[in-house]
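Please look at the sequence and the structure below before reading on. The report that follows takes up the sheet, its helices, the cores and a few single residues in turn.

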Amino acid sequence: MTSLNITGIENGWIVDGRVSRGAQPDDSAFPLMAEQGCRGVVDLNNSGSALAHQAALISAAGMKLYADAWSGWEVPKQEQIDAALECMLHVPGPVFAHCEH
């Protein structure tokens, strides 16, 4: 994997030409992600007001959001895995998947 160098994203890595991953982006990172061609964000961490705040930033940057807060302590359900993969495959362009860290 290659390091993902976007200010405001820790532990960022490019998995392949379509998927990158990392920790929860800072608010300032979303426009930078869009400028570098990202078209979707797969959020496996947030819910509630944090998710609503992030959704507004992602939309303002021209990207789409898929969100499903997974527990870091439990194995995700197959339906959750399938939904995340479906998003990654059908967003028209590169996607960034993140959890908390």
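## The middle of the sheet

Strands S4 and S6 run parallel and are joined by four bridges, where strands (E, at least two residues) and helices (H or I, at least four residues) are DSSP runs numbered from the N terminus. Within this pairing, Val42 stands opposite Ala97 in S6. This is a predicted model, in which local features need pLDDT of at least 70 and side-chain atom pairs count only at pLDDT 80 or more, while totals for chains, interfaces and linings use all residues. Residues are numbered from 1 along each chain as its sequence is written, and side-chain values use heavy atoms, with hydrogens and water left out.

S6 is also joined to S3 by four bridges, and these two strands run parallel; here the bridge partner of Ser20 is Phe96 in S6. S4 and S5, likewise parallel, are joined by four bridges, with Leu65 in S5 as the bridge partner of Val41. Between them the chain passes from S4 through H2 to S5 in a right-handed β-α-β crossover, a term used when, with the strands pointing away from the viewer, the path from the first strand over the helix to the second runs clockwise.

## The whole sheet and its helices

Taken together, six strands form an open sheet of mixed pairing, in the order S1-S2-S3-S6-S4-S5, where two strands pair if DSSP finds at least two bridges between them. The edge strands, each pairing on one side only, are S1 (2-3) and S5 (64-67). S1 pairs with S2 (residues 13-14) in the antiparallel sense over two bridges, and Trp13 in S2 is the bridge partner of Ser3.

Helix H2 (residues 48-60) packs on the sheet, touching S4, S5 and S6 (contact means heavy atoms within 4.5 Å), and its direction makes about 155° with that of S5. Such angles run from 0 to 180 degrees between N-to-C directions, with axes fitted to C-alpha atoms, for helices over the stretch in contact. Helix H3 (residues 78-90) lies across S3, S4, S5 and S6, and runs at about 170° to S5.

## Nonpolar cores

The largest nonpolar core has twelve residues, including Leu4, Phe30, Met33, Val41, Ile58 and Phe96; a nonpolar core is a set of buried Ala, Val, Leu, Ile, Met, Phe, Trp, Tyr and Cys residues joined through side-chain atoms within 4.5 Å. Helix H1 (residues 29-35) gives the largest share of this core, four residues. Apart from this core lies another, of ten residues, among them Val42, Leu44, Ala84 and Val95.

In S4, Gly40 and Val42 point one way and Val41 and Asp43 the other, and all are buried, that is, under 20% relative accessible area, with exposed meaning over 50% and partly exposed in between (1.4 Å probe, protein chains only).

## Two single residues

Where does His98 lie, and is it buried or exposed? His98 is in strand S6 (residues 95-98), and it counts as buried because its relative accessibility is 2%. The side chain of His98 makes a polar contact with the side chain of Gln54 (3.1 Å), a term for a pair of N or O atoms within 3.5 Å; within protein, one must be able to donate a hydrogen and the other to accept it, and residues adjacent in sequence count only if both atoms are side-chain atoms.

Asn11 lies in the loop between S1 and S2, and it has a positive phi of about 55° although it is not a glycine. Most residues other than glycine have a negative phi. At 41% relative accessibility, Asn11 counts as partly exposed.
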